[in-house]
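Subject: Structure handover

Hello,

I am passing a structure on to you, together with notes on what was found in it. Please look at it first and then read on.

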Amino acid sequence: MKIRPLQDRIIVERVEEETTTASGIIIPDTAKEKPQEGKVIAVGNGKKTEEGKVIALDVKVGDKVLFGKYAGTEIKIEGKEYLMMREDDILGIVE
């Protein structure tokens, strides 16, 4: 990837949800909501305090994360869609 987020920003790629339910019903694209789970692709160096110290981020590249429905800003890099968000927008890490 040719982009590195600044400060406490993170680039996330959405993880696609299943297109069928457990009972075998196929969900059309028009009925699906955008997934609220993604994989961290790139992270910034960390948040700077007023004293100039850098606080490292809790997430790292490769982590699966959960985020809010309207979190982040959608961006396109090399034809693929990603979300750029701050660490505060992340609700949790899926382990």
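Strand 1 (residues 9-14) and strand 7 (residues 80-86) run antiparallel and are joined by four bridges. Strands here are DSSP runs of E with at least two residues, while helices are runs of H or I with at least four residues, both numbered from the N terminus. Two strands count as paired if DSSP finds at least two bridges between them. Within strand 7, leucine 83 is the residue opposite valine 12.

This is a predicted model, in which local features need pLDDT of at least 70 and side-chain atom pairs count only at pLDDT 80 or more, whereas totals for chains, interfaces and linings use all residues. Residues are numbered from 1 along each chain as its sequence is written, and side-chain values use heavy atoms, with hydrogens and water left out.

The sheet

The chain has eight strands and zero helices. Six strands make an open sheet in the order 6-7-1-2-5-8, with antiparallel pairing. Strand 6 (73-77) and strand 8 stand at the edges with a single partner strand each, so one side of each has no neighbour in the sheet. From one strand to the next the twist averages 45°; for such angles, axes are lines fitted to C-alpha atoms, and values run from 0 to 180 degrees between N-to-C directions.

Strand 1 is also joined to strand 2 (residues 37-43), by five bridges in the antiparallel sense. There, isoleucine 10 has valine 43 of strand 2 as its bridge partner. Strand 2 in turn pairs with strand 5 (residues 64-67) over three antiparallel bridges, with glycine 38 opposite valine 65 in strand 5.

Salt bridges

A search of the whole structure gives five salt bridges, each being a side-chain nitrogen of Lys or Arg within 4 Å of a carboxyl oxygen of Asp or Glu. One of them joins lysine 80 to glutamate 13, with the closest N and O atoms 3.0 Å apart. This pair links strand 7 and strand 1, at positions 67 residues apart. Lysine 80 is partly exposed at 42% relative accessible area, and glutamate 13 is partly exposed at 23%. Buried means under 20% relative accessible area, exposed means over 50%, and partly exposed lies in between (1.4 Å probe, protein chains only).

Glutamate 74 and arginine 14 form another salt bridge, at 3.7 Å from N to O. Here strand 6 is linked to strand 1 by residues 60 apart.

Lysine 64 and glutamate 37 also meet in a salt bridge, at 3.9 Å. Lysine 64 belongs to strand 5 and glutamate 37 to strand 2, 27 residues apart.

Burial and surface

Of the 95 residues in the chain, 25% are buried. Aspartate 8, in the segment before strand 1, is buried with a relative accessible area of 3%. Among the residues that aspartate 8 touches, leaving out those up to four places away in sequence, are Leu57, Met85 and Arg86; contact means heavy atoms within 4.5 Å.

On the surface, Leu66, Leu91 and Val94 form a nonpolar patch with about 270 Å² of accessible area together. Patches take residues with over 30% relative accessible area and no salt bridge, joining like charges within 9 Å and nonpolar side chains (Val, Leu, Ile, Met, Phe, Trp, Tyr) within 5 Å. Accessible areas come from the Shrake-Rupley method with a 1.4 Å probe, and for residues only the protein chains shown count as cover. Valine 94 is in strand 8 (residues 90-94) and is partly exposed at 35%.

Regards
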